[in-house]
Every structure is written in C-alpha cells, then in structure tokens.
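Dear colleague,

I am handing over the structure we spoke about, and below it I have set out what was found in it. Please read the notes with the coordinates open beside you.

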Amino acid sequence: MLFHYRSDIASLLPAFGALEPLTSAGYLGVDLFFVLSGFILSYQYMHGFQRIERRSYLRFVGFRLARIYPLHFYTIVFLALPLLLARALGEPMSHPDSFSDGELVRNLLLVHAWTTTPIRELLSWNYPSWSISAEWFAYLLFPIIAFYITRVRSPLFLLLGAIGIVVFELWLGAAFGWGDIALIRLAGEFLMGCFIGRLFLIGWSPPWRWHLVSVACGVLVLAAAVILPVMGLDRTWVVVLFGPLILALARDPHAADRWLAKQPMVFLGEASFALYMTHAIIGDLGWNLLAAASVAAAPLAIRVGAVAMLLVVLV
C-alpha cells in the first residue's frame, strides 16, 4: 500500500520521502506472498496428495477458489457498476483500454495474468488482482507439484532446490527480460515455498538458534533492499532470502512470544488480503479527493491528519 502511494504521501509530507529506499521496495511484498503461499499450502495440504484423485483435486481447488474469488468478484462489481454507468452516459475515461469489456471478462475468469505481457502492461480493472490471477494458476497446479515433491526426503536436495529454482527464475529475468512476466515470477517463488514447506514437514531442524537466524535474515532482507539499488543491482535478488526467513520463523520455538504473534499483527494478517484487494480502489479515490480539496496547500497539521485519516480508512 505504501509502495503504491509513496509519491502521494510525499507530496503532502515531504519528510516521508526519506523512506523512499524502503517504500520503493514494497512491491517485494507480492514476492514474499508467493513464497509464503507455497509454504503454507505445502504445510496444510501436501500430505493429502501422495496420490492424485479427482475428488481430492476438485475439493482442494474448490476451497482455494472460495478463499480468493468472492472478494475478487466484489471489487470488480464495485468498480464496474459506476464505470459502466459513466460509459453509458458518455463520460470519458482516463485509461479506457484498462476497462474494456474483454479485460472485464478476463478479470472475471481470473486469467488476466496468464500471458507473456509484462505485468506493468496488463494492469486492468482492480490492478493488484494480477497477482491473484497468477496465484489461481498456482492453485490449479499445486496438487501435481505436491505429488512429486512429497516423494523427496533429502534435506540437501530440498534446500538446494528451493534456492536454485529462484536463482534460475531471476537469471531468466536478467538474461531474457522475463522478470516482469507474472507466471514466471510466480513459478520460481511459489516452488521455493513448496520446497521449504516440504523441508519443514520432514522435520529438518539443525541445532541452530532459529531466532537469531530469523533476525539475521530479516536484517539482511531490509539491508539488501536498500543497498542493492545503490550498487546498481536488481533488488529482486532479495527474494533468495525469503525461503530461509520463513523457515527460520516457522522453526523458532519462541515465535508465539514474538511481536508477529501479538493480536494487532494477527488482526492485520487476517485483514491483509482484503486490504490488498481494496486499497487501490479506495486509495485512488481518496488521493483524488485530497488533490481536489487542495490539501497540499494546507498547514502541516491538516496534511498529517488527512494522510492519517485516509490510511485508517483504508485499513
């Protein structure tokens, strides 16, 4: 959310611009989501796909569709009703290609990211939903992925596979310019999460101080996100650390006592999907209203209050 609106916030609160090295890395939250998704699905469902049966496959896919589609459909309808009405009344649109009937159908079918078009060129309707379309693709393939990975019992193979698949994905992006293709970006990261999930399930747990490992990985992620661009390198390489970070957090015996387990963070975690899927709609409207009200020319206290109010409304 801060990644999408960092320039809007900085236009009202210039001091916020000092956080640009971090907020500009916010897009990596989607990559973390892909890795975490592979891990969680493996933890929850991998044991059930030692054989692939039609009934279990359809049951799994049905549950996953029920998890993501109602909110996706709601956001599309929320956008479509006023936009289609405006078009019927002859009102102009700023980006008509992004709200075409064809794009509407592809969004409703959740296949709008199933293309080789770069992500920045396929954003349409509720634009963050490109990642949900990619995730749906992963859901359809997960039982097959689980069927093969569940047969692997070598910790070394799983660990090298987790790192290797992401390195290969990033190499493809650098060598052929494919890093901004949704399904390629998804594939390496989701598979990394599946490998790490399997590693967790087989009980691999060296006698490390997992809390220190998780802290070290977290610090490295933040440091690399800031430093890599300064060195002229692609900060997406930070993704290599996401698997070890998730595994370390899962293995930490004191994780329940950490700040991530506190009630406010649990609430935000439960709300995160809804926040992700609605923030672009409410946020775009809110920032346009603040611009129309000429809030940028108001005293600092009013500008701070306006930004805080909008962020609270979004949550």
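Which residues in H8 meet which residues in H9? On the H8 side they are Pro155, Phe157, Leu158, Leu159, Gly161, Ala162, Ile163, Ile165, Val166 and Glu169, and on the H9 side they are Ile184, Arg185, Gly188, Glu189, Leu191, Met192, Phe195, Ile196, Arg198 and Leu199. By class, this contact of H8 with H9 has 14 nonpolar, 2 polar and 4 charged residues. Please bear in mind, here and throughout, that the model is predicted.

As for the geometry of that pair, the axes of helix H8 (residues 155-176) and helix H9 (residues 182-201) come within 8 Å and cross at roughly 165°. Since angles over 145 degrees count as roughly antiparallel, H8 and H9 are therefore roughly antiparallel to each other, and their crossing is left-handed.

The axes of helix H4 (residues 54-88) and helix H5 (residues 101-108) come within 10 Å, with a crossing angle of roughly 165°, which makes H4 roughly antiparallel to H5. The crossing of H4 and H5 is left-handed, and the contact is made by Tyr69, His72, Phe73, Ile76 and Arg87 from H4, together with Asp101, Leu104, Asn107 and Leu108 from H5. Sorted by class, the contact of H4 with H5 has 5 nonpolar, 2 polar and 2 charged residues.

Turning to the aromatic residues, a search of the whole structure finds 21 aromatic pairs. One of them is formed by phenylalanine 49 and phenylalanine 142, whose rings are edge-to-face, with 6.2 Å from centre to centre and 85° between the planes. This pair links distant parts of the chain, 93 residues apart, for phenylalanine 49 sits in the loop between helix H3 (28-45) and H4, whereas phenylalanine 142 sits in helix H7 (residues 130-149). Both phenylalanine 49 and phenylalanine 142 are buried, and ring pairs link Tyr45, Phe49, Phe60, Phe142 and Phe190 into a cluster.

Glutamine 50 also lies in the loop between H3 and H4, and with a relative accessible area of 47% it is partly exposed. Not counting residues up to four places away in sequence, glutamine 50 touches Phe147, Thr150 and Arg151. The C-alpha atoms of glutamine 50 and leucine 260, which are 210 residues apart along the chain, are separated by 33 Å.

How many of the 10 residues of helix H11 (residues 242-251) are buried? The number is 7, so H11 is largely enclosed by the rest of the structure. The buried residues in H11 are Phe242, Gly243, Leu245, Ile246, Leu247, Ala248 and Arg251, and what covers them includes H3, H9 and helix H10 (210-230).

Tryptophan 208, in the loop between H9 and H10, counts as partly exposed at 47% relative accessibility. Tryptophan 208 and aspartate 252 are 44 residues apart in sequence, and their C-alpha atoms are 9.6 Å apart in space.

Leucine 110 has a positive phi of about 60° although it is not a glycine; it lies in the loop between H5 and helix H6 (119-122) and, at 1% relative accessibility, counts as buried. Tryptophan 125, likewise not a glycine, has a positive phi of about 45°; it is found in the loop between H6 and H7 and, at 4% relative accessibility, counts as buried.

With best wishes

How values were computed
Residues are numbered from 1 along each chain as its sequence is written. This is a predicted model: local features need pLDDT of at least 70, side-chain atom pairs count only at pLDDT 80 or more; totals for chains, interfaces and linings use all residues. Side-chain values use heavy atoms; hydrogens and water are left out. Axes are lines fitted to C-alpha atoms, for helices over the stretch in contact, and angles run from 0 to 180 degrees between N-to-C directions. Helices (H or I, at least four residues) and strands (E, at least two) are DSSP runs, numbered from the N terminus. Angles under 35 degrees count as roughly parallel, over 145 as roughly antiparallel, 65 to 115 as roughly perpendicular and the rest as oblique. A crossing is left-handed if the near helix is turned anticlockwise from the far one by less than a right angle, and right-handed if clockwise. Contact means heavy atoms within 4.5 Å. Ala, Val, Leu, Ile, Met, Phe, Trp, Tyr, Cys and Pro count as nonpolar, Asp, Glu, Lys and Arg as charged, and the others, Gly among them, as polar. Rings of Phe, Tyr and Trp (its six-membered ring) pair if their centres lie within 6.5 Å; planes under 30 degrees apart count as stacked, over 60 as edge-to-face and the rest as tilted. Buried means under 20% relative accessible area, exposed over 50%, partly exposed in between (1.4 Å probe, protein chains only).
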